[in-house]
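Load the model in a viewer and keep the selection panel open. The stops below are given in the order in which to select them.

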Amino acid sequence: MRRSLSIWIVVFSAATSWAAGPAPLELDLSQSSSLRGVLVLPPVSSSVVGKKGAFVGVDTRRTVERFVLPAHGKLVKAIDKKLGGKVLSADVAQGVLTRESVLASAVDKPAVLARLAKVTGVNWVVTFTLNNGVLTATVSDPAGKAVIEGLTIAGVSTLNDAQADSMAGVLVPRILELEKARVAAEAALKPAVVEAPLPPPEEDLQDAELDQLNAGKVSTSRPLDRNRVRALVAVGPGATLRGLALSGETANALADLENGVVVGLGINAQLMPLEFFEATSGKAWSQVSLEVHYRRAFVRAQGVAGGLEGSSCTMTDDDLQLRVGARYRLGEGYLPTIGLAGGWSQEQTRFDCSLPLVSTTWRGIDAQLRVRQPLFRDLVTLELIGGPRILLPGPLAESPGFSLSAEAWIEVKPVSILFGRVGVRYSRLQAANPSLTAVDSRTFLALELGAFL
């Protein structure tokens, strides 16, 4: 009976082992412990724009390279998972590219890769190309020299997680082989050192494992990015010019205005809430803005003829605009950003005296088209804004006419978080009541200085 029991125990143990199956093979990550970091850059896709003309010698075609940012995050996540947290995050990598002004057409140049490796302090730089459905990987050393080329996966139209894991499965073992060879070469160059006996260790209250993790991680604080503004404020002087044309039954009873250029002050504040969150920051659609624009002219009315000589009148001439806008970035480089905006506006000229002058208060709803066009890298930008203004009913605006508003600004971001802009804001407002028709036009030329986050 004891012998039979022993036999059944052996059989049961063997069956259990067979059911469990062989132990799964796992990637040995011990070689990654010497890695300071790996920089994975966004894939670069090439496309031909323009066309060949009908005449001989007329050919406007050119090749344009752009970063494929949606695929970048998936590749970084897949490779980082297999390297145990040694890959710089996608946000950090894209921020370094922007800060170093590296375009998609330049990431295959050894000098550029060497500069990126030096800035980030990594051991290896990985670049990708994605053309005709083939994703190709290249690994370069800190000097920018390609040491692994031609690692490919095919059938990639829009990279998915499974394809990113497949590329990581091919790429990571090759990176670990390179790292093992690098460590062995450095060890061979070091002279033999006789270590002196260490003194007894002192009591250490630090967490060694936590210190090692902190030392191995590159800081993920967001670098300065002029294209990912979270908030801004600017203020500056300007010059205001007003033209008012009156007609109708009561127009002859009003004094004629001689309008000249007067000094004014402009204030501009904007908030981009989606840029404050990592999940939405830096996306093509994340430039949603809440805006306040204010202008005030420093001016008085003075009687000069018609029996009003020497009469003085205080007045208020200002403009307040509250807007909500959204823009969409069409791509990297010199492609524009387009969008729409809507808001509420009030422009008023109020005379606080008994002179025969008409005070106006125009309130309306703006519908605007917006275009931002880079002129020089991310340092100089042209912004155009314009559209109709729908006047709200009021004492003078019983019958609103055709009204519009428009702006044009050139913005310069020369250093750090500082910026300046120069431009013009124009409005044409038209309305009437049974006895008076008014066409009020205002032009504000401004120079504003401020800061952004």
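Which residue does a disulfide join to Cys313? Select Cys353: the disulfide runs between these two, with an S to S distance of 2.0 Å. The model is a predicted one, and the count of disulfides in it comes to 1. Cys313 sits in strand S11 (residues 312-329), whereas Cys353 is in the loop between strand S12 (337-351) and strand S13 (360-376), so the link ties distant parts of the chain, 40 residues apart. The torsion about the S-S bond is -100°, a left-handed link. Colour the pair by accessibility: Cys313 is buried, at a relative accessible area of 1%, while Cys353 is partly exposed, at 29%.

**The whole chain**

Zoom out and show the cartoon. The protein chain has 6 helices and 18 strands. Of its 453 residues, 38% are buried. Among contacts with a separation of 6 or more, 63% are between residues 24 or more positions apart.

**Helix H2**

Next select residues 69-83, which form helix H2. The helix has 15 residues and reaches 21 Å from its first C-alpha to its last, close to the 21 Å expected at 1.5 Å a residue. Show side chains for Ala71, His72, Leu75, Val76, Ala78, Ile79 and Leu83, the buried residues of H2. Their cover includes strand S1 (38-40), helix H3 (90-99), strand S4 (124-131), strand S5 (134-140) and helix H5 (161-189). Step one residue past the helix to Gly84, where phi is positive, about 70°.

**The nonpolar cores**

Leaving out residues up to four places away in sequence, Ile79 touches Val40, Val87, Phe128, Ala168, Leu171 and Val172. Ile79 is also one of the residues with the most contacts inside the largest nonpolar core, together with Phe128, Leu135 and Leu171. That core has 32 residues. Another core, of 19 residues, lies apart from it; Leu41, Val44, Val112 and Leu113 are among its members.

**Helix H3**

Move to H3, one of the elements that cover H2. In H3, 7 of its 10 residues are buried, which leaves the helix mostly covered. Pick out Ala90, Val92, Ala93, Gln94, Gly95, Val96 and Leu97, the buried residues of H3. They pack against S1, strand S3 (62-67), H2 and helix H4 (110-120). After H3 comes Ser101, with a positive phi near 55°.

Arg226 lies in the loop between helix H6 (208-216) and strand S7 (231-247). Is Arg226 buried or exposed? Its relative accessible area is 18%, and the limit for buried is under 20%, so Arg226 counts as buried. Beyond its neighbours within four places in sequence, Arg226 is in contact with Asp378, Leu379, Lys413, Pro414 and Phe452.

Ser403 is in the loop between strand S15 (399-400) and strand S16 (404-415). At 2% relative accessibility, Ser403 is buried. Not counting residues up to four places away, Ser403 touches Pro388, Arg389, Leu391, Arg428, Leu429 and Gln430. Draw a distance from the C-alpha of Ser403 to that of Ser441: the two are 38 residues apart in sequence and 9.5 Å apart in space.

Glu448 belongs to strand S18 (residues 436-452). Glu448 is buried, with a relative accessible area of 1%. Which residues does Glu448 touch, not counting those up to four places away in sequence? Select Ala234, Val235, Gly236, Gly266, Ile267, Asn268, Trp409, Phe419, Gly420 and Arg421.

Key. Residues numbered from 1 in each chain as written. Predicted model: local features only at pLDDT ≥ 70, side-chain atom pairs only at ≥ 80, totals over all residues. Heavy atoms only, no water. Helix = DSSP H or I, 4+ residues; strand = E, 2+ residues; numbered from the N terminus. Buried < 20%, exposed > 50% of the residue type's maximum accessible area, 1.4 Å probe, protein only. Contact = heavy atoms within 4.5 Å. Expected span 1.5 Å × (residues − 1). Disulfide = S-S within 2.5 Å. Core = buried A, V, L, I, M, F, W, Y, C linked by side-chain atoms within 4.5 Å.
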